[in-house]
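This report describes the architecture of a predicted model, from its helix packing to the contact of its chains. Please consult the sequence and structure shown below while reading.

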Amino acid sequence: MQTGKLKIRTLKNNIFKSTVIVFSVVTILPILLIIYELVSKGIKQISFDFILKTPPDTFEAMTALSNGELIPGGIANGIAGTLFMVIMASVIAIPVGVITGIFLYENQGKPLANLTRNVSDILQGVPSIVLGLIAYIWIVKPVTHGFSALAGSVSLSIMMLPMIVRSTEETLKMIPQTIKEAALALGVPYYKVILRVLVPTGFSGLLTGILLSISRILGETAPLMLTALGSSAINFNIAKPTSAVPLLIWEFYNDPNMVDLIWSSSLLLMAMVLSLNIISKRIVARTK
Amino acid sequence: MFKMNNNSLIIKDPVLSIRNLFVSYDKGKYAVNNVSADIKRKSVTAIMGPSGCGKSTLLRAINRMHELYENIETKGEIVLNGRAIAQMPTIELRRMAGMVFQRPNPFPTMSIYDNVIAGYKLNGIKMKRAQRDEIVERSLTDVALWNEVKDSLYKKGSFLSGGQQQRLCIARALAFDPEVILLDEPTSALDPVATSKIEELLVKLKENYSIVMVTHNMSQAARISDYSMFMYLGELVEYGKTKDMFTKPKDRRTEEYLTGKFG
């Protein structure tokens with residue numbers, strides 16, 4: 001009798017355990033499949049040319065395909081454009097985000113800080129295409145009079161802001177109050193306590209937030225379609241249309257001769273995002 | 001002429017004199033309620049009392065660290081070496097009245113060397129290398145840490161043990177050559193061995209420095225202090241030589257606290 005009950009309980013336990021394991025595997029599976037697909041379809045196009053040259057035109061690609069060769073050229077314009085716009089977006093978003101985060105940390109519970117925090121959270125939920133539209137209205141039409149890298153960067157920087165603000169505030173909150181007191185007890189002025197003691201102490205946390213926000217915008221496509229548009233050449237002029245890796249993927253998708261390039265571009269983009277994520281995880285693990 | 005509390009001592013040439021000090025965090029509620037006392041030079045003065053009696057607030061009022069709290073109101077006067085602290089710039093005041101906290105709090109991003117010199121560095125005071133080296137060596141020697149860390153001065157301070165970290169924090173305060181050192185329960189986060197080392201250190205330091213220490217460890221006060229204050233509900237109930245206070249307390253509340261009836 002007793003052993004029978006025990007058997008049922010063990011059975012229930014095992015069923016539960018295996019369900020948990022099955023669902024965990026289901027969670028891991030998509031990312032493994034994605035990486036598998038990208039590598040198996042994209043790896044053959046990856047070469048130095050792929051990073052250093054601009055894309056071929058449809059005719060070149062078609063000729064190469066019909067001769068059974070690899071598609072010539074690469075996505076140098078996309079890589080350069082992505083780096084250019086991400087750097088510009090970071091230059092805009094990091095100072096604003098970090099300073100806002102410091103403001104929120106210093107003014108816990110005050111009305112303006114609460115409002116700012118809530119607005120920043122809402123901003124995180126704004127669809128990226130809407131941010132693209134806004135940058136179109138603000139920058140493309142009145143400032144650069146045409147699609148431009150600047151407009152793309154502005155829309156991306158708005159996407160970065162909420163994450164940087166939050167991570168700055170949370171990081172500073174985790175620093176023990178006693179460190180702040182130690183500096184103040186030495187007669188150090190308030191702004192120096194923040195800039196020379198708190199920010200360096202929380203540096204790895206700030207860096208993690210920044211890296212994660214960059215990895216979030218690396219693959220953004222929708223806002224760039226309305227702002228940077230794309231370009232077949234490498235461009236470093238902030239007032240000119242600029243390409244980006246995700247934009248190129250969309251362009252390749254629309255051209256039946258370029259299908260192979262979709263996979264290699266996606267593979268490269270995925271590798272960039274994954275490595276940023278892994279680096280930031282590493283930093284967090286090291287500082288804990 | 002101000003009115004002295006009848007329990008106050010008369011001390012000649014005090015390093016600090018506190019006159020009718022009131023501190024409130026909340027309107028009408030006094031964390032420190034009309035405290036007057038003179039603090040003797042080159043001796044250890046302990047402030048005792050149950051939690052919430054205002055002893056930490058009193059200590060923090062001395063270098064105006066209590067002003068960091070919101071809605072703080074301070075009345076009365078504290079005079080340090082003949083100068084009213086309310087009129088002093090906080091940087092100067094806090095150089096003259098160094099503070100050590102309950103938990104050791106060296107700056108985690110700085111080396112041991114930089115931690116000692118942090119007060120100069122963060123305030124942008126420029127010095128020659130030799131001068132800095134001398135201050136670091138003197139301060140670390142004063143806290144009996146020099147021999148333990150002289151080969152690892154450029155390692156992070158946070159790798160030291162708790163007791164060593166606390167001595168590093170005392171060294172950081174000593175680097176300014178302060179008039180008075182304020183300690184807020186400096187050993188309550190430390191183990192007994194580290195505690196006795198800090199206590200020995202304080203007894204040695206009083207040859208050159210004036211020390212005010214908050215403690216709720218009565219035996220610690222009895223062991224190392226020359227003068228003791230007993231505070232209760234914001235008031236200074238009794239102030240006298242530690243020996244007198246522990247052997248024949250004048251106030252019934254002091255006696256009850258010392259005999260463990262409350263606290």
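Are helix 3 of chain B and helix 4 of chain B roughly parallel or roughly perpendicular to each other?

## Helix packing in chain B

Helix 3 (112-122) of chain B and helix 4 (residues 129-142) of chain B pack at an angle of about 100°, and their axes lie 10 Å apart. Axes here are lines fitted to C-alpha atoms, for helices over the stretch in contact, and angles run from 0 to 180 degrees between N-to-C directions. Angles under 35 degrees count as roughly parallel, over 145 as roughly antiparallel, 65 to 115 as roughly perpendicular, and the rest as oblique. Helix 3 and helix 4 of chain B are therefore roughly perpendicular to each other.

In this packing, B:Tyr113, B:Val116 and B:Ile117 of helix 3 meet B:Arg132, B:Ile135, B:Val136, B:Ser139 and B:Leu140 of helix 4. By class, the residues of this contact are six nonpolar, one polar and one charged. Nonpolar covers Ala, Val, Leu, Ile, Met, Phe, Trp, Tyr, Cys and Pro; charged covers Asp, Glu, Lys and Arg; the others, Gly among them, are polar.

## Basis of the model

The model is predicted: local features need pLDDT of at least 70 and side-chain atom pairs count only at pLDDT 80 or more, whereas totals for chains, interfaces and linings use all residues. Residues are numbered from 1 along each chain as its sequence is written, while chains are lettered from A and ligands numbered from 1 in the order in which they are written.

## Strands of chain B

Chain B contains 10 helices and 10 strands; these are DSSP runs numbered from the N terminus, with helices (H or I) of at least four residues and strands (E) of at least two. Strand 1 (residues 16-26) and strand 2 (residues 29-39) of chain B run antiparallel and are joined by seven bridges. B:Leu16 stands opposite B:Ile39 in strand 2. The two strands form a hairpin with two residues between them, and B:Gly28 in the turn has a positive phi of about 85°.

An open sheet of six strands in chain B has the order 6-7-8-3-9-10, with mixed pairing; two strands pair if DSSP finds at least two bridges between them. Strand 6 (97-100) and strand 10 (235-241) stand at the edges with a single partner strand each, so one side of each is left without a neighbour in the sheet. Within the sheet, strand 3 (residues 44-48) and strand 9 (residues 227-232) run parallel and share four bridges. B:Thr45 has B:Tyr227 in strand 9 as its bridge partner. Helix 6 (residues 162-174) of chain B packs on the sheet, touching strand 6 and strand 7 (180-184), and its direction makes about 170° with that of strand 6.

## Overall form of the chains

Chain A has 13 helices and zero strands. Its radius of gyration is 24 Å, well over the 19 Å that the globule rule gives for 288 residues, so chain A is more spread out than a compact globule. The radius is taken over C-alpha atoms, and the rule is 2.2 Å times the number of residues to the power 0.38. For chain B, the 18 Å radius of gyration agrees with that of a compact globule of 263 residues, near 18 Å.

## Contact between the chains

In the interface, 18 residues of chain B are in contact with 15 residues of chain A, contact being C-beta atoms, placed from the backbone, within 7 Å. Helix 2 (90-96) and helix 3 of chain B each supply at least two residues of the side that touches chain A. Helix 2 of chain B gives the largest share, four residues. The residues on this side of chain B divide into nine nonpolar, six polar and three charged.

Technical notes
Two residues are in contact if their C-beta atoms, placed from the backbone, lie within 7 Å.
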